[in-house]
Amino acid sequence: MFVKDVKVENQVGLHARPATFFIQKANEFKSSIWVEKEERRVNAKSLLGVLSLGIMGDTYIRIIADGSDEEDAVEGLVALVKSGFAD
């Protein structure tokens, strides 16, 4: 299992468009991936799950992966969040 915390820097947070990019990236990996905000954990490959966390800008989230490519999955998603969801 590989875990990393990252701050969502973009002002709008993970609303529909950035959340879609996040889920598309998560689905590139074989590992099981979760996103945690405070005490809630959801499947990072689920749009409704990610949106249900209500992640706003300036919020810390935890990305957790477990599987054969867990480290690459977490690092890839952290890089996406840090980029502000730029393509």
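Because the model is predicted, local features require pLDDT of at least 70 and side-chain atom pairs count only at pLDDT 80 or more, whereas totals for chains, interfaces and linings use all residues. Residues are numbered from 1 along each chain as its sequence is written, and side-chain values use heavy atoms, with hydrogens and water left out.

**View 1. Salt bridge between Glu 75 and Lys 4.** A salt bridge is defined as a side-chain nitrogen of Lys or Arg within 4 Å of a carboxyl oxygen of Asp or Glu; a search of the whole structure finds 6 of them. In the pair shown, the closest N and O atoms of Glu 75 and Lys 4 are 2.9 Å apart. Glu 75 belongs to helix H3 (residues 70–82) and Lys 4 to strand E1 (residues 2–8), so the bridge ties together parts that are 71 residues apart in sequence. Helices (H or I, at least four residues) and strands (E, at least two) are DSSP runs, numbered from the N terminus. Glu 75, at 30% relative accessibility, is partly exposed, and so is Lys 4, at 32%. Here buried means under 20% relative accessible area, exposed over 50%, and partly exposed in between (1.4 Å probe, protein chains only).

**View 2. Salt-bridge network of Asp 5, Glu 36, Arg 41 and Arg 62.** Glu 36 is bridged to Arg 41 at 2.9 Å, N to O, and to Arg 62 with the closest N and O atoms 3.9 Å apart. Glu 36 lies in strand E2 (residues 32–37) and Arg 62 in strand E4 (residues 59–66), so this pair ties together parts that are 26 residues apart in sequence. With 15% relative accessibility, Glu 36 counts as buried; Arg 41 is partly exposed at 44%, and Arg 62 is partly exposed at 33%.

**View 3. Packing of helix H1 (residues 16–26) with helix H3.** The two axes, lines fitted to C-alpha atoms over the stretch in contact, come within 10 Å and cross at roughly 160°. Angles run from 0 to 180 degrees between N-to-C directions; H1 and H3 are therefore roughly antiparallel, a class that covers angles over 145 degrees.

**View 4. Residues at the contact of H1 with H3.** Phe 21, Phe 22, Lys 25 and Ala 26 of H1 meet Gly 76, Leu 77, Leu 80 and Val 81 of H3, where contact means heavy atoms within 4.5 Å.

Terms used:
Angles under 35 degrees count as roughly parallel, over 145 as roughly antiparallel, 65 to 115 as roughly perpendicular and the rest as oblique.
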